[in-house]
Amino acid sequence: NPSSDTWRNVADLATPVDSGVGLWADDRFIVLGGRSSASSVLTAERAQIYDPSSNTWAVAAGTGAALTERMALSCAVTDGDAVYFWGGRTAASTWVASDIGAVLDPSVDSTTALASAGQPDNDSLVYCALTGTEFLVVTDDQLGRYDLFTETWTTQSLPSSVEGGPCTWTGRELIVHEVTGPDIHVWNPTTDQWTTTSITDSSNVVPVEVTPHVWTGDVAIFLGLGSSDQYATFGPRTVTATGIGSDLNSGGRIVGMSHHWTGDRLLVFGGLSQASPLTVASGGAIFQ
């Protein structure tokens, strides 16, 4: 509670998991997928739903699609009511091959598989965004566009200079960061054109592969500046990347933390430090 600067514990998950993904939708917190033990993976439609008004968890009945179990889900996004997800690996660490994408409606406890015809190849980590009319999926070499009204896919290859990574929808364009280099790519859906910005200054912006971005309304905030343990911003209008919060750098967080944009500040908690061997970074931080 930021007004009183206090913490309180909430009820335990119905089934403790790691490698899942958590999203706020329909006034509840949704935990989707994940591994409950070395050999047990929650099926994606059996989401765990937390109701803050009663401080209780429920395991979704998951009526509708009988979806393939999955863990390590990196592509999930919400419009505030429903949750769209796509991709992921199975318990055997193979890429999910059937019923790859779905939409979960927690208000009626229903999961519906997305159409499969024309979808991208699920053979890499995947990142996604909602535009209001389309569900965008970015793989290492493809851009999938799922039309929310016609429920059909249009998939195209990324330009040869683009290797898909974490992405941000700004409201009129898609920002995609390289996972192996400092290039930042912007896709304009109106013209279907890509623009590449190479960051060549000493900041050496290199996004961390599995860390999602946040959009503030002006800039995208992502992890990975210099030694990839500091946050940075990219402004599509100014076409510049800038390091922020140098005091966070001492924590050495490189992966595994959670972060959230409140509207005027970035909240960061947990994660692994860059020390060798990797260690858990201490506590949380606020950048404003």
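Close-up A. At 34% relative accessibility, Asp99 counts as partly exposed; buried means under 20% relative accessible area, exposed over 50%, and partly exposed in between (1.4 Å probe, protein chains only). The model is predicted: local features need pLDDT of at least 70, side-chain atom pairs count only at pLDDT 80 or more, and totals for chains, interfaces and linings use all residues. Residues are numbered from 1 along each chain as its sequence is written, and side-chain values use heavy atoms, with hydrogens and water left out. Asp99 sits in the loop between β9 (83–86) and β10 (101–105). Strands are DSSP runs (E, at least two residues), numbered from the N terminus. Phi of Asp99 is positive, about 45°, although the residue is not a glycine. Most residues other than glycine have a negative phi.

**Close-up B. Asp5, ahead of β1.** Asp5 belongs to the segment before β1 (21–25). Its phi is also a positive value, near 55°. Asp5 counts as exposed because its relative accessibility is 69%.

**Close-up C. The Glu134–Arg145 salt bridge.** Glu134 pairs with Arg145, the closest N and O atoms being 3.2 Å apart. A salt bridge here is a side-chain nitrogen of Lys or Arg within 4 Å of a carboxyl oxygen of Asp or Glu. Glu134 is in strand β13 (residues 134–138) and Arg145 in strand β14, 11 residues apart. Both residues are buried.

**Close-up D. Asp147 beside Glu134.** Asp147 lies in strand β14 (residues 142–147). The C-alpha atoms of Asp147 and Glu134 are separated by 4.7 Å, at 13 residues apart along the chain. Leaving out residues up to four places away in sequence, Asp147 touches Thr133, Glu134 and Thr152; contact means heavy atoms within 4.5 Å. Asp147 is partly exposed, at 22% relative accessibility.

**Close-up E. Glu173 and Arg237, a link between two loops.** The side chains of Glu173 and Arg237 form a salt bridge (2.9 Å, N to O). Glu173 is in the loop between β16 (167–169) and β17 (174–177), and Arg237 in the loop between β22 (231–235) and β23 (240–243), 64 residues apart. Glu173 counts as buried because its relative accessibility is 8%.

**Close-up F. The Arg265–Asp264 salt bridge.** The closest N and O atoms of Arg265 and Asp264 are 3.2 Å apart. Arg265 is partly exposed, with a relative accessible area of 27%. Asp264 is partly exposed too, at 45%. A search of the whole structure finds 4 salt bridges.

Key:
Helix = DSSP H or I, 4+ residues; strand = E, 2+ residues; numbered from the N terminus.
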